[in-house]
Amino acid sequence: MRIRRILAAVFATAALAGLGLTGAATATAAAGSVAPASVTPGECTDNGGKIDRSTPMLPTCRGGMYDGQSVD
């Protein structure tokens with residue numbers, strides 16, 4: 001009987017700790033503004049950048065808010 005109570009307490013603690021970590025990770029991700037991996041040509045030019053098509057893989061936004069981001 002005592003073992004069941006201990007196991008129940010251990011599982012409940014683990015479940016609550018897991019929820020706490022998930023909530024903290026979500027809050028951290030939502031708090032900071034993350035730059036997108038790539039931007040559209042309109043986003044680049046509307047925010048003060050120019051599209052540099054001389055880059056080997058994908059065009060890159062040069063200048064403005066999205067400087068250095070690849071253009072999709």
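**View 1. Cys44 and Cys61 are joined by a disulfide.** Their sulfur atoms sit 2.1 Å apart; a pair of cysteine sulfurs counts as a disulfide within 2.5 Å. This is a predicted model, where local features need pLDDT of at least 70 and side-chain atom pairs count only at pLDDT 80 or more, while totals for chains, interfaces and linings use all residues. Residues are numbered from 1 along each chain as its sequence is written, and side-chain values use heavy atoms, leaving out hydrogens and water. The structure holds one disulfide. The torsion about its S-S bond is about 90°, so it's right-handed.

View 2. Helices (H or I, at least four residues) and strands (E, at least two) are DSSP runs, numbered from the N terminus.

**View 3. Is Cys44 buried or exposed?** Cys44 has 1% relative accessibility, so it counts as buried. Cys61 is buried too, also at 1%. Buried means under 20% relative accessible area, exposed over 50%, and partly exposed in between (1.4 Å probe, protein chains only).

**View 4. Leu7 sits in helix H1.** That helix covers residues 2–31. With a relative accessible area of 43%, Leu7 is partly exposed.
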